[in-house]
Amino acid sequence: MNRNLTMKQYMKDNLPLFIFVSVLFIIGVVFGAVMVNALSLEQKQEMTRHLGSFFHEINEGAEFDSRQSFVQAFGMHMKWILLIWLFGLSIVGLPLILVLDFLKGVLIGFTVGYLVGQMSWKGMLFALVSVAPQNLIVIPAILFCSVAAMAFSIYMIKNRFMSRNGNIYQPFMRYTTITLLMGVFLLGAALWEGYMSQMMMKWVTPMLVGLYG
């Protein structure tokens, strides 16, 4: 009970940071979606060719290495939050945390924007089974890590560099614990991405193959 109250208080105390990083992420998503329109015709044709080939492979029963997909996904997620954790340990890393949040939004916005732009509602359907499920976990986890990193960095600025007082051990342990906890959630997201996403993509690819001949 006390732990739940502490977490609620932590979220309440850092609500402005949660709102800020969430808005920044959403701006990144919009920017990524708009970037799709900046692609040249040749770039769109090349991406469409690779996407069509991917759909045909899945529809023809091609087997992908689920374990390798899981390892790659988990490795990517952990590198992302490790970078955020490292940036949170220094003052100069504070703006870099914001850059990572913005870039994450851009990547997701571009992916979904391209799929919807090229395949309309079928692209939205494919995005819902291939992009959305794991990102329902990944996005909150990364934003939570970002808030924890920013809160710790701001704490150091206020209590270590400006006033030269305050115990850094407890805030550091709380910061690290939050990052590790988010890593557990990202493990679950990677498991879904590696093993379940392929199964779900096989359900929808038959209706997508016809779009690419």
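Here are some numbered notes on this structure, which is a predicted model.

1. Overall make-up. The chain holds 7 helices and 0 strands, and from the N terminus on the order of elements is simply α-α-α-α-α-α-α. Its C-alpha trace spans about 70 × 35 × 25 Å along the principal axes. Of the 213 residues in the chain, 39% are buried. If you take the contacts with a separation of 6 or more, 83% of them come from residues 24 or more positions apart.

2. The largest pocket. Its volume comes out at about 570 Å³, and 20 residues line it. By type, the lining of the largest pocket splits into 12 nonpolar, 7 polar and 1 charged.

3. At least two lining residues each come from α3 (41-59), α4 (66-88), α5 (94-130) and α7 (169-209).

4. Helix α3, span and faces. This helix has 19 residues and reaches 27 Å from its first C-alpha to its last, close to the 27 Å expected at 1.5 Å a residue. Its buried residues are T48, L51, G52, F55 and I58. Seen down the axis of α3, these buried residues fall within an arc of 120°, so they line one face of the helix. In general, an α-helix has 3.6 residues a turn, so residues three or four places apart point the same way. On the face of α3 turned away from the buried side you'll find the exposed residues E42 and R49.

5. F55, from that buried set. F55 lies in helix α3, and its relative accessible area is 0%, which puts it among the buried residues. For a sense of distance, take L17: it is 38 residues away from F55 along the chain, and the two C-alpha atoms are separated by 40 Å.

6. V129 lies in helix α5, while S197 lies in helix α7. Is S197 buried or exposed? It is buried, with a relative accessible area of 3%. V129 counts as buried too, at 9% relative accessibility. Leaving aside neighbours within four places in sequence, V129 is in contact with S197, M200, M201 and V204. As for V129 and M7, they are 122 residues apart in sequence and 31 Å apart in space, C-alpha to C-alpha.

7. Q198, the next residue along. Q198 also has its place in helix α7. At 12% relative accessibility it counts as buried, since the cut-off for buried is under 20%. What is Q198 in contact with, leaving aside its neighbours within four places in sequence? The partners are F64, D65, S66 and S69.

8. K104, a lysine to look at. K104 lies in helix α5 and is buried, with a relative accessible area of 10%. Not counting residues up to four places away in sequence, K104 touches F25, W80, N135, V138 and I142. K104 and F172 are 68 residues apart in sequence, with 25 Å between them in space, C-alpha to C-alpha.

9. S120, a backbone point to check. S120 has a positive phi of about 55° although it is not a glycine. Most residues other than glycine have a negative phi. S120 lies in helix α5, and at 44% relative accessibility it counts as partly exposed.

How values were computed. Residues are numbered from 1 along each chain as its sequence is written. This is a predicted model: local features need pLDDT of at least 70, side-chain atom pairs count only at pLDDT 80 or more; totals for chains, interfaces and linings use all residues. Side-chain values use heavy atoms; hydrogens and water are left out. On a 1 Å grid over the protein atoms alone, a cavity is a set of points where a 1.4 Å probe fits but cannot get out, and a pocket is an open set with protein on both sides within 12 Å along at least five of seven lines; lining residues have an atom within 4 Å of a point. Grid points are joined across faces, edges and corners, and a volume is the space filled by probe spheres set on the points. Helices (H or I, at least four residues) and strands (E, at least two) are DSSP runs, numbered from the N terminus. Ala, Val, Leu, Ile, Met, Phe, Trp, Tyr, Cys and Pro count as nonpolar, Asp, Glu, Lys and Arg as charged, and the others, Gly among them, as polar. The expected span of a helix is 1.5 Å times one less than its number of residues. Buried means under 20% relative accessible area, exposed over 50%, partly exposed in between (1.4 Å probe, protein chains only). The arc is that of the directions from the helix axis to the C-beta atoms. Contact means heavy atoms within 4.5 Å.
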